[in-house]
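The following report concerns one protein chain. It begins with individual residues in loops and then turns to the sheet.

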Amino acid sequence: MLRNLRGRFHPFWSNATTKVRYSTCSADDSHEQSSYVPLTDHPNLPESPNVSVSRDTRDYISAILTCKNVSEVGKIHARAIVNGFLQDLTVANKLLYIYSQLRAIADAETLFDEMSVKDPVSWSVMVGGFAKTNDFVNSLRVFREILRSSLNLDNYTLPIIIRVCREKRDVVVGRLIHKVALKSGMDLDCYVCAALVDMYAKCGEIDDACKLFDEMPKRDLVTWTVMIGACADSGKPDESWVLFERMRNEGIVPDRAAVVTIVNACAKLGALHKAVILHDYIRLMNFPVGVVLGTALIDMHAKCGNLDAAREMFDSMKDRNVISWSAMIAAYGYHGKATKALELFDVMVGDGRLPPNEITFVSLLNACSHAGFVKEGLEIFDLMTKYGVRPNVKHYTCMIDLLGRAGRLTEASGMIETMSIQKDETLWGSFLGACRIHKNVEMAEKAAMFLLELQPQNPGHYILLSNIYANDGKWEEVAKVRNLMNQRGLKKVPGYTWIEANNRTHRFKVGDRTHPKSKEIYDALRDLTEKLEEAGFVPDTNFVLHDVDEEVKVGMLSLHSEKLALAFGLIATPEGSLLRITKNLRVCGDCHSFFKFASLVTKREIIVRDANRFHCFKEGSCSCGDYW
């Protein structure tokens, strides 16, 4: 039946009908799950109730579940046919399940079509089987047949199909399935709720995810973990931390999967004192720091600005995989220490046990890009073939960024034109960013054309093109781009800056006056600016992209969120202490110059993490060498 319907997919809620045979028994809801599981990997297949299981049947099931490959399953399948056990629904369903787990979906289809009797478990396994092989269209089709046949839904099938919507980023169908869950009374099941929360978050509907999470009468570890990860992925890592503290206050102890999710969220938050608290908590709870958690901790410490702690974690790991090495290489890269990254790579390949993979080379190429190591980057790109790694779009994006930052726009453009792989928005975005740095309007317009075709709803592309026009004084073109944004209902992503002071995180936006110490902050900023100007600092009004008077431009520069955060840090911390600042966007050139002078005048070390990398300002210079 499935094979005959394959390729004739109707809309999900179409009225076409299909006759099916199935038994009257329903699927069992009683599964146990200790942590969030990825798409279709539910730990337990629901059993068909009211089906007596003989000793011979148990022997078949035991043999099926020990199979390691399709060949072994095929032998047991053949034996079941010869001995008449394929009519046993429990045996048939287990065969379906193991074929699906081994991704032998064609064999599963053949068996399914040959089954004279099918129950809800049979259909559920096929939904999961198609999903496991990323055949989401057919997964949805089979689920539609389940609904038409009035089969009972369970907390095995619904999470699978909800996660299909997550993978397809199809929130429209996801909402329809949410309604199905409501009608079937499964909307409060912990597995179903966790899948719905995850689906809404991955589809960008974080408010719906939070609302559903807050309305749940009971939240288990799975749902907490999903919600913490969802907030981090949607750009709200501070809310992830609040959820983690709420979870602990409610007495829920995270397992290893939950801890990794929390560590990853903390890495995105970039708050050093929270990273220290979390690592101390992990030690206190005696969580085993294996490869996965250890690698996550490397990334967290590095992204929170503590490169020494990241390296200490790396050195302390008894076992490391290629991802662990790549994470440490990447850490050196976005801290501007490309030489260290290259040295560590030499140690890795010199050992010979772990050949570098595509992730390793992305980390290396990023490090070269941030440091302006064009020669080394080209050599590494050529080296990939030696290790059997074919360049993908991420590697090409690094190369375009590397060449573009170095001003070799023609060379970067030529590489784009000769690429044999599909170009994505990240690659064109890197090229557009390089065009902005070197003020090449003609090439910028070409890149923007492709970007707006690929992602017409991304406001960042419009803003970048608008800024390029503004830098060139083309105010009419600026107005056209802004009007196009307004017509499409797009808004600029607001810039925010965080600073750690006294083990607390304080957030500022441009021109912010909501902080309790707002008056003191502006007074301190005014005093600091005067001292910097006496030391030779001159505001760079080229970074004010508005057609206004020069005096107004200077005033607008003084309102930037990172300057407000810096002024607060100066009045809230002891003299001479290090300041750690995080910004969600790229730091502008004027603020970069301002911070260099500030580190000299105040005799403070200032570490700034922006959207691209870390900047360590000390004694009037920056670790990036003014190349970022």
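Asn 286 lies in the loop between helix H15 and helix H16 (291-303); helices (H or I, at least four residues) and strands (E, at least two) are DSSP runs, numbered from the N terminus. The model is a predicted one, in which local features need pLDDT of at least 70 and side-chain atom pairs count only at pLDDT 80 or more, whereas totals for chains, interfaces and linings use all residues. Residues are numbered from 1 along each chain as its sequence is written, and side-chain values use heavy atoms, with hydrogens and water left out.

Although Asn 286 is not a glycine, its phi is positive, at about 55°. Glu 619, in the loop between E5 and E6, is likewise a residue other than glycine with a positive phi, near 50°. Both residues are listed below with their relative accessibility; buried means under 20% relative accessible area, exposed over 50% and partly exposed in between (1.4 Å probe, protein chains only).

| Residue | Phi | Relative accessible area |
|---|---|---|
| Asn 286 | about 55° | 64%, exposed |
| Glu 619 | near 50° | 65%, exposed |

A further loop residue is Asp 512, found between strand E2 (504-509) and helix H28 (518-534). Is Asp 512 buried or exposed, and which side chain of opposite charge is nearest? Asp 512 is buried and has no salt bridge; the nearest such side chain, that of Lys 509, is 5.8 Å away. For charge, Lys and Arg count as positive and Asp and Glu as negative, while His and the chain ends are not counted. A salt bridge is a side-chain nitrogen of Lys or Arg within 4 Å of a carboxyl oxygen of Asp or Glu.

The side chain of Asp 512 does have a polar contact of 2.6 Å with the side chain of Thr 514. A polar contact is a pair of N or O atoms within 3.5 Å; within protein, one must be able to donate a hydrogen and the other to accept it, and residues adjacent in sequence count only if both atoms are side-chain atoms. Leaving aside residues up to four places away in sequence, Asp 512 touches Arg 507, Ser 518, Tyr 522 and Leu 564, where contact means heavy atoms within 4.5 Å.

The sheet is open and has 6 strands in the order E2-E1-E3-E4-E5-E6, with mixed pairing. Its edge strands are E2 and strand E6 (621-622), each of which pairs on one side only. Two strands pair if DSSP finds at least two bridges between them.

Within the sheet, E3 (579-583) is joined to E1 by 3 bridges in antiparallel fashion and to E4 by 4 bridges in parallel fashion. Thr 582 takes part in both pairings: it is the bridge partner of Trp 498, and its own partner in E4 is Arg 609. Strand E4 (residues 606-609) also runs antiparallel to strand E5 (residues 614-618), with 4 bridges between them; here Ile 607 has Cys 616 as its bridge partner.

E3 is mostly covered, with 5 of its 5 residues buried. Leu 579, Ile 581 and Lys 583 point one way, and Arg 580 and Thr 582 the other way.

Helix H31 (residues 589-601) lies across E3, E4, E5 and E6, at about 35° to E5. Axes are lines fitted to C-alpha atoms, for helices over the stretch in contact, and angles run from 0 to 180 degrees between N-to-C directions.
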